[in-house]
Amino acid sequence: MVTPEQLKIWIESGFEGADVNVEGDGHHFEAVIIAEEFTGKSRIARHQLVYAALGDKMKAEVHALSMKTLTPEEHQAA
Amino acid sequence: MSDTDTSSAEAQEQPDMQEQIKQTVTDNDIVLFMKGNANFPQCGFSGKAIQILQTLKADFVTVDVLSNDAVREGIKVYSNWPTIPQLYVKGEFLGGSDIMTEMYESGELKQTVSDQAS
C-alpha cells in the first residue's frame, strides 16, 4: 500500500524545488503542491503535470488523488 | 501477454472508441463520464460531481464507465487524464471532481454551465 511519504517523493521527483505535502489513507490522498512550474498554466495543465510525474504509479496504486496546485505567489497571496 | 493480433485488434477498436467519445461530447453540451449514474453514483468523487451539477441545475447527460471497460480506458486516453469522473462542456474537457469543486467554489462553473442553458 502506498504511503503519503512515498507519494510525496514521487511528486517531488517531477518538480525542481517544489513544496509538496501529502495526506492520505493509502487509497485516497490529498496533496498540496507549490511549484514554479505551474506559473501561467491552467488548472488542468497543472494537474496533468502532476499525473505525468506519477506516471504509471497513478494507474496502479493511487486510486484517488485530490490536489491543490499553486504557484509560490498564489500560495503567499492565499 | 496478448499476442500482436489482439493488440492490433484493440488498436483498431480504440480509434472507434475515440471517435465515439468525440461524438458523445460534441452532441451533448454537458457530459459527465462517471462511475455509476446520477441516481446511484458508485464512487465519492463521482457523487460529488453529480451533486455540484444538480446544485447548479445543469442540463447534463452521464456516461457510466463501469458498464463499459472500453469507455473507461478510452476516456483516459481521450483526455490524457487518468481518473474518473471527467466533465466535458461543449466538447471541452474541464477536469475531474477536484477542478469542478474549485470552479464551483469560484463561481466559474456556474458561469460555464449557465452559458449552455441560455
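Predicted model: local features only at pLDDT ≥ 70, side-chain atom pairs only at ≥ 80, totals over all residues.
**Entry 1**

I began with the strands of chain B. Four strands make an open sheet in the order 2-1-3-4, and the pairing is mixed. I then looked up which strands sit at the edges. They are strand 2 (61-64) and strand 4 (92-95) of chain B, each of which pairs on one side only. I noted the twist as well: from one strand to the next it averages 25°.

**Entry 2: strands 1 and 3**

How many bridges join strand 1 to strand 3 of chain B? I found 4 bridges between strand 1 (residues 30-34) and strand 3 (residues 86-89), and the two strands run antiparallel. For one residue I wrote down the partner: B:Val31 has B:Tyr88 in strand 3 of chain B as its bridge partner.

**Entry 3: the helices on the sheet**

I turned to helix 2 (residues 44-55) of chain B. Helix 2 lies across strand 1, strand 2 and strand 3 of chain B, and runs at about 160° to strand 1. I looked up helix 3 (residues 69-79) of chain B next. Helix 3 packs on the sheet and touches strand 1, strand 2, strand 3 and strand 4 of chain B. Its direction makes about 60° with that of strand 3.

**Entry 4: the ring pairs**

I went on to the aromatic rings. Over all chains the count is 6 aromatic pairs. One of them is formed by B:Phe33 and B:Tyr88, with 5.4 Å centre to centre and 70° between the planes, and it is edge-to-face. B:Phe33 lies in strand 1 and B:Tyr88 in strand 3 of chain B, so this pair ties together parts that are 55 residues apart in sequence. Are these two residues buried or exposed? I recorded both B:Phe33 and B:Tyr88 as buried.

B:Tyr88 also pairs with B:Tyr78. Their ring centres are 6.0 Å apart and their planes are at 55°, so I put this pair down as tilted. B:Tyr78 lies in helix 3 and B:Tyr88 in strand 3 of chain B, so the pair ties together parts that are 10 residues apart in sequence.

I checked the accessibility of both tyrosines. B:Tyr78 has a relative accessible area of 27%, so it counts as partly exposed. B:Tyr88 has 1% relative accessibility, so it counts as buried; the cut-off for buried is under 20%.

**Entry 5: the cluster**

Which residues do the ring pairs link into a cluster? I listed A:Tyr51, B:Phe33, B:Tyr78, B:Trp81, B:Tyr88 and B:Phe93.

Technical notes. Residues numbered from 1 in each chain as written. Chains lettered and ligands numbered in written order. Heavy atoms only, no water. Pairing = 2+ DSSP bridges. Axes fitted to C-alpha atoms, helices over the stretch in contact; angles between N-to-C directions. Contact = heavy atoms within 4.5 Å. Phe/Tyr/Trp six-rings, centres within 6.5 Å; stacked < 30°, edge-to-face > 60°. Buried < 20%, exposed > 50% of the residue type's maximum accessible area, 1.4 Å probe, protein only.
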